[in-house]
Amino acid sequence: MPILDVQHIEKHFGDTRVLEDISFSLEQGQAMAIIGSSGSGKTTLLRCLNFLETPNQGKILVNGETLFDADDPATQREAEVRKKRLHFGLVFQSFNLFPQYTALENVTLAPQLLAQEQPDFKARRREILEEISSQGQALLERMGLADRSGHYPHQLSGGQQQRVAIARALALKPDILCFDEPTSALDPELTGEVLKVIRSLAEQKTTMIIVTHEMAFARDVADQVIFMDSGIIVEQGEARQVIEHPREERTRQFLSRYAGS
Amino acid sequence: MLLSVSLTLLEGLVVTLQLFALTLLFALPLGLIISFGSMSRCTPLRAVVRTIVWVIRGTPLMLQILVVFYGPGLMFDLPLLPRFTAAVVTFVINYACYFSEIFRGGIQGVPLGQQEAGLVLGMTKRQIFFKVTLLQVIKRIVPPMGNEFITLVKDTALVRTISVYEIIWMGESYIKKGMIWPLFYTAVFYLVVNGILTLLFGWFEKKLDYFK
């Protein structure tokens, strides 16, 4: 059974169709890259998976459980949506770190708030908080930021901020980690450090969906690639095959612009 | 002479500061509620709230003081509110409307991405407001709030129109005795209070300087 099964997702804003009949599935431990030009619906698709947008049609299943069904309002209740979001993590293009918290606090805030909902939180408060804090510190270490945990976001470079954001998303142990153009807001010399982290996550078999413009990276890191154009999936397949030997003319046209890069 | 005038004016200053403090105490929370109303997704509520804010901000505070104090008696034959109470009521309503606009600006100035980051991390709307947005809003509104606080200290002088014995009223009372300088002397008291406020706001702004 695939860990993620997306069935016939449609999304329109007014009369504009942003997503049309999007279906795909993803196996546990696989990385999927979504490529395509700006405005092709890639970001909207990620936002639908993270319940920041509500699709007009379709279903989203994780581990066989229907998290979202456009025809079933019971799956769209506010309180449950909050829990369902935890199946997914999202790393934003613009990081969106919380400026008033240190790197470590950014990573531990959400786990702390969730821990407060545990029945034994009051009794084991100190123990739980220490555990969350050491897990957060370990995550920052994995991101190569062990010595930056006490820094505030404005004291960090863009690449460091994005790595904190990745640690923050990982802290909740999502089933599927989504990246929305994680390096697009970075200076070219800083993209490498972020891509390296994502690459190592792929090697550790983290299930991921990565919206990216880095074709070489998508080819090397992703197992599958989806090429989207004006809201539809034009081509979908094994990464190397789609990027090096695309079947569709539109995919070829799109990729030719990246040739040599 | 200077001492006895100073003591009399201090008596007036106490009334001034009481009005100042009570206005803040009630107008700050009320302003926050009004700002939520003016950002509400419910169109009729938003329209009503924004109309009230327009009326209150669009008419002179002095006129509002007169309406609140004399209005109920003249129009509905109701007993007059005590003078000081009428002053507090008017100031709370008036300042809550100004504060609401500052809050609205501060809240809407926080990037939407902050809220979305909170949502994807499984936070409730409440947690996002208190743990993520609020401090960023406070940081944004400190400078305009400093302005409003200082304006409020001086606006309290308007309540002498309904004979609340605040500091200007006290200063003016010496004119009958042929002395004009006590009225001018009140400026020193305003300057001291606003000097302290300026220092406090400067300190607070610095306190929040640790993040951007």
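Predicted model: local features only at pLDDT ≥ 70, side-chain atom pairs only at ≥ 80, totals over all residues.
In chain A, four strands make up an open sheet whose order is β2-β1-β4-β5, with antiparallel pairing. Strands β2 (16-26) and β5 (65-69) of chain A lie at the edges, and because each has a single partner strand, one side of each is left without a neighbour in the sheet. From one strand to the next, the twist averages 20°. Strand β4 (residues 57-62) of chain A runs antiparallel to β5(A) and is joined to it by four bridges; within this pair, L61(A) has T66(A) of β5(A) as its bridge partner. Helix α1 (residues 42-49) of chain A packs on this sheet, where it touches β1 (4-13), β2 and β4 of chain A, and its direction makes about 65° with that of β2(A).

A further open sheet of chain A is formed by six strands in the order β6-β7-β8-β3-β9-β10, and here the pairing is mixed. Its edge strands, β6 (88-91) and β10 (232-238) of chain A, each pair on one side only, and the twist averages 15° from one strand to the next. Four bridges link β6(A) with strand β7 (residues 176-180) of chain A in the parallel sense, and the bridge partner of L90(A) in β7(A) is C178(A). Across β6 and β7 of chain A lies helix α5 (residues 158-170) of chain A, which runs at about 170° to β6(A). In general, the strands of a sheet pair through backbone hydrogen bonds, in either a parallel or an antiparallel manner.

Just after α3(B), the residue D77(B) adopts a positive phi of about 60°.

Where the two chains meet, 24 residues of chain A are in contact with 20 residues of chain B. Between them the chains bury about 2100 Å², of which 63% is on carbon and sulfur atoms. Of the area that chain A buries against chain B, 26% is supplied by F98(A), Q100(A) and L113(A), more than by any other three residues.

Conventions. Residues numbered from 1 in each chain as written. Chains lettered and ligands numbered in written order. Heavy atoms only, no water. Helix = DSSP H or I, 4+ residues; strand = E, 2+ residues; numbered from the N terminus. Pairing = 2+ DSSP bridges. Axes fitted to C-alpha atoms, helices over the stretch in contact; angles between N-to-C directions. Contact = heavy atoms within 4.5 Å. Buried area = accessible area lost by both parts, 1.4 Å probe.
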